[in-house]
Amino acid sequence: MTDGAGCAPLPTGSEVEADTDTDVDVAVVGAGVVGAAIARELAGHGLSVAVLEARDDIGDGTSKANTGILHTGFDAKPGTLESRLVREGCRLLTAYAAATGIPVERTGAVMAAWTEEELAALPGLREKAERNGYRRCELVGAGEVYRQVPALGPGVLGGLTVPDESLTCTWTTTLALATDALRRGARFLLRRAVIGADPGAGVTRLRTAGGDPITARWVVNAAGLGADTVDRMFGHDRFTVTPRRGELLVFDKLARPLADRIVLPVPTARGKGVLISPTVYGNVMLGPTAEDLTDRTATGTSAEGYAFLRARGERLMPSLMREEVTAAYAGLRAAADRDDYLIEASPEQRYVVVGGIRSTGLSAAMGIAEYVRALLADAGLVLAARTDLPSPPRMPNLGEAFPRPYRDAERIAADPAYGHVVCYCERVTAGEIRDACTAPLPARTLDGLRRRTRATNGRCQGFSCAAAVTDLMDRHRSGGCDASTEPGGTTR
Amino acid sequence: MTDGTPNLERGAVLTPDVLVVGAGPAGLTAAARLAGRTGADVLVLDRADTPGGVPVHTAHTGFGLRDLHRVLSGPAYAARLAGAARAAGADLRGRAMVTGWSGPRQVEATTPDGLLRVRARAVLLATGARERPRPARLVPGDRPQGVLTTGQLQQLVHGSGRHVGERAVVVGAEPVSWSAVLTLRAAGCRTVLMTSRYDRAESYAAFTVPGRTVLGVPVATGTRVVRIIGRGRVEGVEIEHAATGRRRTVACDTVVFTGDWVPEHELARAAGLAIDPGTLGPVVDTALHTSEPGVFAAGNLLHPVDTADGAALDGRHAADRIAAWLAAPGGEGPPLGPGVPVVAGEPFRWVAPQLLRPGGPAPPRGRLLLWSDALVRVPRVRVCQDGRVLARRRLPWPAAPGRVFRVPFALLSRLDPSGGPVRLALE
């Protein structure tokens, strides 16, 4: 497998540069949402930054299979770093979303209690929320829960409302942060798995599987599922990542009226439970399961997972089970053997670990980035906020509740490609596919295109459009080495 | 949810007599007949580039037998139907995606030429059906490249000229599954196994026998796929024999999920039409009238799925009923009254049409269509109403999964129009 740099022709300003031997101030390992946020933050403070990513796209690991909920942090463990950074990150991301066009839909959530034990836990959860600085939770009776979500199955005893829990798009968030970082001068080196670190005087040499080594003054480890492995390359042995598989079922958009807000389970001693949530794309999601694994690549779905989710769904919302399943996902969360984030600097090694960033990472990412920047400043790195920052990117909207090109007469009049719907179920136009394939961080595979446009994500899963979408992608693709090896079949 | 689009009002407004949504065999046939026989102003909107529906991408022969009385390839059949509709004066527009309703018999559409609003005196929904893709079937395992549906396969091969793989497993053994085998063969991909969850392959003998002998494809009956294996690319499937529980792995680089049809009912549901829990398509009477006055439906949206010529004959039937509706005094027919429901009993999953309105016509081709979940070689149909047996008849064709079972409408001739539901079952 070749390094992306061998893959000419690439447009100017592409994420992959042929000259990978260059020293940088900071190498960020991992181009997930956290790595992208850190790269953006540091590149905004006068540092040269390179992001090393093992996979062939940004946001292709744990970040892509997130539940897409922007958490208030109401249920974090008070006093933890996670609690603080989720709260700060949520505030920062909400503002950033408004500036960049990342869709955020503030549906609110209701936590529904189905047993006496769960009901008894609600007042404590409200107190916990207050200790986390979130004061808008309210205890409500069963009648109010059913008024808010009439489709819930029988047996709800009461609930707790969380009016600020929101839906967002994890794919657009990662892409926005990475595009912003790129505009600020950061470089993204894809297919460059870090396989070894040689700390030296003043610089660390990172050996990579996909090309030449990179030398950097500082290294920030945001490697997600691989963060403990990278940490050990620096001689540490302080945490182990346990991949926790979460399977999700995504139901047809026709089910969306059944769930117009997030229905959270009450966490109990027996686990966190299964939630029902609308998605920002207009579907309804049921999940996740939580299964600890040892295989860090096991993103397959299981018969047990399906059976478990269907059984839970029958109880939570029987009418949802009558709707078609559009997609089934399995994602791995990077659960660590500790109950808080691990974000620490080792100044003598000029190294920062960002580990144990579990399912709250999307909400916390921008808070984590600021925290890492402060750690670096404390460790003696000279940081100065740039005054010449480029404006943040305007992202294509993937949110169902906000205007999309297929309904925009002005945009279609200016460019008929926005009036040519190619993916019918998700109403993705030829113009959007072209844009995603020619963007600064372009889609190079069908999966990458799905995350940038929603194309083929819908109920037909490519029955009608996979061939047309693939043809369009081939026409516009700038790089070419990734997807040209695929025979064109798209799958889930 | 808000749409939030400020520019909608700038879209053009069209006011045809009849709007047909979907340019497949049903929609095109209806459009040609309406425009040709009644001179009605007919607009056909279809989201695809080329009119014709599923046959456009089905390169093999076998189309047109019952409607055109000849046998054509899918693309030739599609072209002929589209040509006939155009020649009759219908306005066919491709790349025109109907996105929703803005009122009774009024839709919104997106086209490269801009947004459209269409207000018609009558609407025919002919949106067809699709195969359930793998996620909807909840087949576990890895999620590699190379997992397709027949529709996707045919467009990749015949539309885009792409290579698919070397060794395929085809899930299903109904007519469409053999169509997938033919497409795979045309693409140089060998079908190493077909699986059927039924104990006997559900396809017509006309397909199965030459399929097995000429195409040399083994069929594993009573078998289901329990896991997809492969990272990056499909490496195999694990299959389970239902009776014994025995599992084995079959190496392949392509898996095609065939059949298991679901109607494209988004517009029907968005309009709030009554939906049949069996077909998942709109409930219609024998005039193919839905629960909404002036909104008709035809083709595989109503009966997922019958053959293309069956859909075309639906379209012909609907055209005549729409013409009658338009010709009624005041420009629209009388209010839709109640009727006698028709329901499917064992072993049937659904029946269409589902409603008998007083004074209504016989259904298309004088047949009720049903879908059987079991193979019954010598079926004896029993028609009951309110505990009374209206008719018993042994039919000379088998009831089999994977294809429509037809029951002569004449078996319902003794029904009480003021009675309860009529139930069709096998004895």
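Student: At 13% relative accessibility, does Y281(A) count as buried or exposed?

Tutor: The general idea is a cut-off on relative accessible area: under 20% is buried, over 50% is exposed and anything in between is partly exposed, using a 1.4 Å probe and protein chains only. Y281(A), at 13%, therefore counts as buried. This is a predicted model, in which local features need pLDDT of at least 70 and side-chain atom pairs count only at pLDDT 80 or more, while totals for chains, interfaces and linings use all residues. Residues are numbered from 1 along each chain as its sequence is written, chains are lettered from A and ligands numbered from 1 in the order in which they are written, and side-chain values use heavy atoms, with hydrogens and water left out.

Student: How many aromatic pairs does the structure hold over all chains?

Tutor: Rings of Phe, Tyr and Trp (for Trp, the six-membered ring) pair if their centres lie within 6.5 Å; planes under 30 degrees apart are stacked, over 60 edge-to-face, and the rest tilted. Over all chains there are 7 such pairs. One of them is the stacked pair W171(A) and Y281(A), with 5.1 Å centre to centre and 20° between the planes. W171(A) sits in helix α5 (residues 170-183) of chain A and Y281(A) in the loop between β15 (275-278) and β16 (284-287), so the pair ties together parts 110 residues apart in sequence. W171(A), at 12% relative accessibility, counts as buried. In chain B, W350(B) and W371(B) are also stacked, at 5.7 Å centre to centre and 20° between the planes. W350(B) belongs to strand β23 (residues 348-352) and W371(B) to strand β25 (residues 367-372), 21 residues apart. Both W350(B) and W371(B) are buried.

Student: What decides where a helix or strand begins and ends?

Tutor: Both are DSSP runs numbered from the N terminus: helices are H or I with at least four residues, strands are E with at least two.

Student: At what angle do the axes of α2 and α8 of chain A cross?

Tutor: Two packed helices are described by the angle between their axes and the distance between the axes. Axes are lines fitted to C-alpha atoms, for helices over the stretch in contact, and angles run from 0 to 180 degrees between N-to-C directions. Under 35 degrees is roughly parallel, over 145 roughly antiparallel, 65 to 115 roughly perpendicular, and the rest oblique. Here α2 (residues 81-100) and α8 (residues 361-378) of chain A come within 6 Å and cross at roughly 100°. α2(A) and α8(A) are therefore roughly perpendicular to each other. Residues making the contact (heavy atoms within 4.5 Å) include L85(A) and Y96(A) of α2(A) and M366(A) and Y371(A) of α8(A).

Student: In what order do the strands of the open sheet in chain B run?

Tutor: Two strands pair if DSSP finds at least two bridges between them. The 5 strands follow the order β6-β3-β2-β10-β21, with parallel pairing. β6 (91-93) and β21 (295-297) stand at the edges with a single partner strand each, so one side of each lacks a neighbour in the sheet. β10 (residues 122-125) and β21(B) share 3 bridges, and V123(B) has V295(B) as its bridge partner in β21(B).

Student: Which strands does α1(B) lie across?

Tutor: α1(B) lies across β2 (18-21), β3 (42-45), β6 and β10 of chain B, at about 165° to β3(B). A26(B) lies in this helix, residues 25-38, and at 5% relative accessibility counts as buried. Leaving aside neighbours within four places in sequence, A26(B) touches residues including A126(B), A298(B) and G315(B).
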